[in-house]
Amino acid sequence: MKDIAPLSTWINSSDLKRPIVIAGPCSAETSEQVMQAAVQLKSHGINIFRAGIWKPRTRPNGFEGVGEKGLAWLQEVKQKTGMMTATEVANAKHVELALAAGIDILWIGARTTVNPFAVQEIADALQYKNVPVMVKNPMNPDLNLWVGALERLRNVGITKLLAIHRGFSNYQKTKYRNEPQWQIAIELKRRIPNLPIFCDPSHICGNRRYIQDVSQTSMDLNYHGLLIEAHPNPKEAWSDAQQQLTPNNLSKMLDNLVIRDAEVNNKNILDTLGELRAMIDLCDNQLLDLIEKRMTVVEKIGEYKKTNNIAVLQNKRWSNILRRIIKKGKAKGLSEDVVSTIFKAIHIESINHQTKIMNED
Ligand code: PEP
Ligand code: MN
């Protein structure tokens, strides 16, 4: 597989400063709305325009996009404003039409990334066409599906790739439309270090109110850019009305972001950071040592249970541990959520160790 091309090979150098912004309406609605959005965004210094023309909707009868005729509107944007254009493709036909219309950047939506057949069809249509492709995370929190989609594109020679983190659908209602689950995107960056990553705060938040915060978090995590929905009249938008910003408010939101250096070069800062990081490593080692120690005790209990024919899982005991530990954690300023996640994981590991002992001859 060829290396992933740096962003500088396909984005103008004047636009490379973090955050690189790709903005535009969720959906292209009319030629006027598209041009109005583009002209307003351009006036705020945004040079890459997005608009969906084929819209995958969860339920039928929603607005499913204007389709092919929207391509001409995007061409017009490119001609009049000089902006680069981006749209979503979900099958080979979309790819063919978008490329024929000279769309600069394609993206694969979350509902497509989940489906290896669809991704492969798109990849096949893209063979020998080194067009930039942005791959959104799949709807469900499955990192391998995301990585798999990227690999299918790399296999056909696409090198101008970037990942878009748009959050993961969740059955439980939370304040977000799609839970960010930042750790999944962080793991993606660890697995494919050269892959640029953008955040799509619009689809994570589902509501304008949280966009500043989520964008800031993505910048603190060194994401390269933002894919963000902007509409001249968000309340009247034909899709995703609650999460879109006016170009003006988008510009204000961007001005409010605090962008910290991704790389540190100053020696004093590096020394101090180095010391603090060494302390963190020490704590992590101690945590691991303690968990190892816990497992040896757990195994002893396992032997004892085996000899005395007692079941591995003792529900009452486990509930007591969890209750006690959550209370203790709270006193230390640790949230119930985090304490219970950590201890549930430790508990599963303990049960696995004991089960292994039970099953040994
Ligand atoms: C979109 O960007 O408008 C879109 C449909 O996004 P997603 O695939 O992330 O839901
Ligand atoms: Mn949308």
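This is a predicted model: local features need pLDDT of at least 70, side-chain atom pairs count only at pLDDT 80 or more; totals for chains, interfaces and linings use all residues.
Local features need pLDDT of at least 70, side-chain atom pairs count only at pLDDT 80 or more, and totals for chains, interfaces and linings use all residues. Residues are numbered from 1 along each chain as its sequence is written, and side-chain values use heavy atoms, with hydrogens and water left out.

Me: Which protein residues are donors of the manganese ion (ligand 2)?
Reply: Donors are N, O and S atoms within 2.8 Å of the metal (3.2 Å for Na, K and Ca), and sites may look incomplete, as water is not among the atoms. Along the chain the donors of this manganese ion follow the spacing C-x176-H-x25-E-x10-D. At 2.1 to 2.4 Å from the ion, they are Cys26 (SG), His203 (NE2), Glu229 (OE) and Asp240 (OD).

Me: Is Cys26 buried or exposed?
Reply: Buried means under 20% relative accessible area, exposed over 50%, and partly exposed in between (1.4 Å probe, protein chains only). Cys26 lies in the loop between strand E1 (20–24) and helix H1 (31–43), 177 residues apart from His203 in helix H8 (residues 201–205). Because its relative accessibility is 1%, Cys26 counts as buried.

Me: Which backbone atom does the side chain of Asn137 reach at 2.6 Å?
Reply: Asn137 is found in the loop between strand E5 (133–136) and helix H6 (143–155), and it counts as buried because its relative accessibility is 0%. A polar contact is a pair of N or O atoms within 3.5 Å; within protein, one must be able to donate a hydrogen and the other to accept it, and residues adjacent in sequence count only if both atoms are side-chain atoms. A polar atom of the Asn137 side chain lies 2.8 Å from the backbone oxygen of Gly167. At 2.6 Å, the Asn137 side chain reaches the backbone nitrogen of Arg166.

Key
Chains are lettered from A and ligands numbered from 1 in the order in which they are written. Helices (H or I, at least four residues) and strands (E, at least two) are DSSP runs, numbered from the N terminus.
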